[in-house]
Amino acid sequence: MAAINTEGVILRKYLLRETSYILVIYTRDYGKIRAVFKGVRRPYPQFAGDLEIFTHCDISFYPKKQKDLDLITESRAKNSFVGARKDIERLTYANYIIELIDTVTGEHDRNEVLFELLTGGLELLGSDIPPKSAVRIFELKLLDALGLGPELGECVSCTSEINDAKCLDVPEGGVVCEVCSGTTAISHTVSQGTVNFFKKIRSVPISKAAGIKLGGSMEKEAERVLGDFVRFHVSDNIKSLEFARDLERKGIIR
Ligand SMILES: [Zn+2]
């Protein structure tokens, strides 16, 4: 059987004996793969940089049957997302992006939309926009891609149209009108400005989202809402997000 050629982003890397790695890679054509790459640590250390976490590579691999690992025969870095590695804040959020993709994907489950979001999110994080704006854009795009994004136009309880949002309920999945907000336990107050920010994100692909900036109170509001959406609808055990919060509390990142 011939080797399969595709491209992917390295999500995780483990040492295997003296000379090899086990890599978990999210590929464009085969979803997540778990593969062994033999003999790359010595005597060819020049490959080391090509195999860093969240490097985008062209790879060749042989898929293995059942529970065995796939076998990588070649890997060549095409984008290291240098901009996303330039400070601790971006690096922390890059790990968050990686962990989210790792959490929501199964092995050999192809999803090109998620692949584009992964590379687009890392690219955006390395661009000139504030890292937190990049992360919020990624979170919403990811939630939408999974069919879990918030309803923003209609009350999730009575479906009446909402043009001046004040409340958002995370478990119910979106904005709530003032009448219904009196009868249910609302998880968040939200401003129409933040809702409009979310709508703006939805209106452009991630590759065109670098012009979207978020400031002031909306930044905090969007962070709370989307963070809670991720925790409630995706996973409440995203370690890199807790790590980011810890760095914030210590004043190491903003
Ligand atoms: Zn309502």
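Ile 97 lies in helix 1. The model is predicted, and the values below are computed from it. Ile 97 is buried, with a relative accessible area of 1%; the cut-off for that label is under 20%. Apart from neighbours within four places in sequence, the contacts of Ile 97 are Leu 118, Gly 121, Leu 122, Leu 125 and Phe 138. Ile 97 and Lys 141 stand 44 residues apart in sequence, with 12 Å between their C-alpha atoms.

### Helix pairs

The table gives the approach of the axes and the crossing angle for each.

| Helix pair | Axes come within | Crossing angle |
|---|---|---|
| Helix 1 and helix 2 | 10 Å | roughly 175° |
| Helix 3 and helix 5 | 10 Å | roughly 70° |

How are helix 1 and helix 2 oriented relative to each other? Their axes cross at roughly 175°, and angles over 145 degrees count as roughly antiparallel, so helix 1 and helix 2 are roughly antiparallel.

Helix 3 and helix 5 (residues 192-203) cross at roughly 70°. Angles of 65 to 115 degrees count as roughly perpendicular, and helix 3 and helix 5 are therefore placed in that class. The crossing is right-handed. Arg 136, Ile 137, Leu 140, Lys 141 and Asp 144 of helix 3 meet Phe 197, Phe 198, Ile 201 and Arg 202 of helix 5.

Helix 2 covers residues 112-125. Its 14 residues should span 20 Å at 1.5 Å a residue, and the end C-alpha atoms are 20 Å apart, in agreement with that expectation. At the start of helix 2, a side-chain oxygen of Asn 111 comes within 3.1 Å of the backbone nitrogen of Val 113.

How many residues of helix 2 are buried? The count is 10 of 14, and helix 2 is mostly covered. The buried residues are Leu 114, Phe 115, Leu 117, Leu 118, Thr 119, Gly 120, Gly 121, Leu 122, Leu 124 and Leu 125. They pack against helix 1 (88-104) and helix 3 (131-145), and also against strand 1 (4-16), strand 2 (20-27) and strand 4 (56-62).

Helix 3 has 15 residues and reaches 21 Å from first to last C-alpha, close to the 21 Å expected at 1.5 Å a residue. Helix 3 is mostly covered as well, with 13 of its 15 residues buried. Just after helix 3, Gly 147 has a positive phi of about 75°.

Arg 12 lies in strand 1 and counts as partly exposed, at 24% relative accessibility. Beyond four places in sequence, Arg 12 is in contact with Ile 22, Leu 23, Val 24, Arg 34, Ile 53 and Asp 102. The side chains of Arg 12 and Asp 102 are joined by a polar contact of 2.6 Å. Arg 34 is 22 residues from Arg 12 along the chain, and their C-alpha atoms are separated by 9.2 Å.

Most residues other than glycine have a negative phi. Arg 17 has a positive phi, near 50°, and is not a glycine. Arg 17 lies in the loop between strand 1 and strand 2 and is exposed, with a relative accessible area of 66%. His 108, also not a glycine, has a positive phi of about 55°. His 108 is in the loop between helix 1 and helix 2 and counts as partly exposed, at 44% relative accessibility.

Methods: Residues are numbered from 1 along each chain as its sequence is written. This is a predicted model: local features need pLDDT of at least 70, side-chain atom pairs count only at pLDDT 80 or more; totals for chains, interfaces and linings use all residues. Side-chain values use heavy atoms; hydrogens and water are left out. Helices (H or I, at least four residues) and strands (E, at least two) are DSSP runs, numbered from the N terminus. The expected span of a helix is 1.5 Å times one less than its number of residues. Buried means under 20% relative accessible area, exposed over 50%, partly exposed in between (1.4 Å probe, protein chains only). Contact means heavy atoms within 4.5 Å. A polar contact is a pair of N or O atoms within 3.5 Å; within protein, one must be able to donate a hydrogen and the other to accept it, and residues adjacent in sequence count only if both atoms are side-chain atoms. Axes are lines fitted to C-alpha atoms, for helices over the stretch in contact, and angles run from 0 to 180 degrees between N-to-C directions. Angles under 35 degrees count as roughly parallel, over 145 as roughly antiparallel, 65 to 115 as roughly perpendicular and the rest as oblique. A crossing is left-handed if the near helix is turned anticlockwise from the far one by less than a right angle, and right-handed if clockwise.
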